[in-house]
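Subject: Structure for your files

Hello,

Here is the structure I said I would pass on. My notes on it follow below.

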Amino acid sequence: VRMALDYVHDHYTEFISLQDVAQYVSISKNYLSELFKKVTGQNFIEYLIELRINKAKELLSTTTLKVYEVAEQSGFKDVKYFSKLFKKYTDMSPYEYRSS
């Protein structure tokens with residue numbers, strides 16, 4: 001799981017799937033899914049989204065990048081989807097977060 005987490009942290013800005021990570025660590029995706037949940041307390045997608053949202057929060061707080069640039073650098077390819085998820089996880093839009 002440590003290798004899987006390292007891989008996720010190194011590649012979170014790219015399109016990655018549980019299958020990609022499972023292939024990297026040479027185990028089945030079902031087994032990785034079970035181990036991942038047991039160790040992190042989250043499923044793979046939840047973990048990946050939270051990692052990306054945290055990176056976005058950092059960028060919004062420390063840079064003057066436009067929101068679509070923050071989305072891209074955080075691993076989101078669609079700024080509308082990013083804004084929707086950001087609001088779901090933080091109860092604020094990216095603009096509100098930056099202002100606060």
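**Helix 4 against helix 6**

Glu46, Ile49, Ile53, Ala56, Lys57 and Leu60 in helix 4 meet Tyr81, Phe82, Leu85, Phe86, Tyr89 and Thr90 in helix 6. Contact here means heavy atoms within 4.5 Å, and helices are DSSP runs of H or I with at least four residues, numbered from the N terminus. By class, this contact has nine nonpolar, one polar and two charged residues. (Ala, Val, Leu, Ile, Met, Phe, Trp, Tyr, Cys and Pro count as nonpolar, Asp, Glu, Lys and Arg as charged, and the others, Gly among them, as polar.)

This is a predicted model, in which local features need pLDDT of at least 70 and side-chain atom pairs count only at pLDDT 80 or more, while totals for chains, interfaces and linings use all residues. Residues are numbered from 1 along each chain as its sequence is written, and side-chain values use heavy atoms, with hydrogens and water left out.

The axes of helix 4 and helix 6 (residues 79-90) are 10 Å apart, and the packing angle is about 95°. Axes are lines fitted to C-alpha atoms, for helices over the stretch in contact, and angles run from 0 to 180 degrees between N-to-C directions. Helix 4 and helix 6 are therefore roughly perpendicular to each other, a label used for 65 to 115 degrees.

Thr90, in helix 6, is buried, with a relative accessible area of 14%; buried means under 20% (1.4 Å probe, protein chains only). Not counting residues up to four places away in sequence, Thr90 touches Ile53 and Lys57. A polar atom of the Thr90 side chain lies 2.7 Å from the backbone oxygen of Phe86.

**Helix 2 against helix 3**

Helix 2 and helix 3 also pack at about 95°, with axes 9 Å apart, and are therefore roughly perpendicular to each other. Leu18, Gln19, Val21, Ala22 and Val25 in helix 2 meet Lys29, Leu32 and Ser33 in helix 3. That contact has five nonpolar, two polar and one charged residues.

**Cores**

The largest nonpolar core has 16 residues, and those with the most contacts inside it are Val8, Ile16, Val21, Leu32, Phe44 and Leu48. Such a core is a set of buried Ala, Val, Leu, Ile, Met, Phe, Trp, Tyr and Cys residues joined through side-chain atoms within 4.5 Å. Leaving aside neighbours within four places in sequence, Val21 is in contact with Ala4, Tyr7, Val8, Leu32 and Phe44. A second, separate core of 14 residues includes Ile49, Ile53, Ala71 and Leu85.

Regards

Key
Buried means under 20% relative accessible area, exposed over 50%, partly exposed in between (1.4 Å probe, protein chains only). Helices (H or I, at least four residues) and strands (E, at least two) are DSSP runs, numbered from the N terminus. Angles under 35 degrees count as roughly parallel, over 145 as roughly antiparallel, 65 to 115 as roughly perpendicular and the rest as oblique. A polar contact is a pair of N or O atoms within 3.5 Å; within protein, one must be able to donate a hydrogen and the other to accept it, and residues adjacent in sequence count only if both atoms are side-chain atoms.
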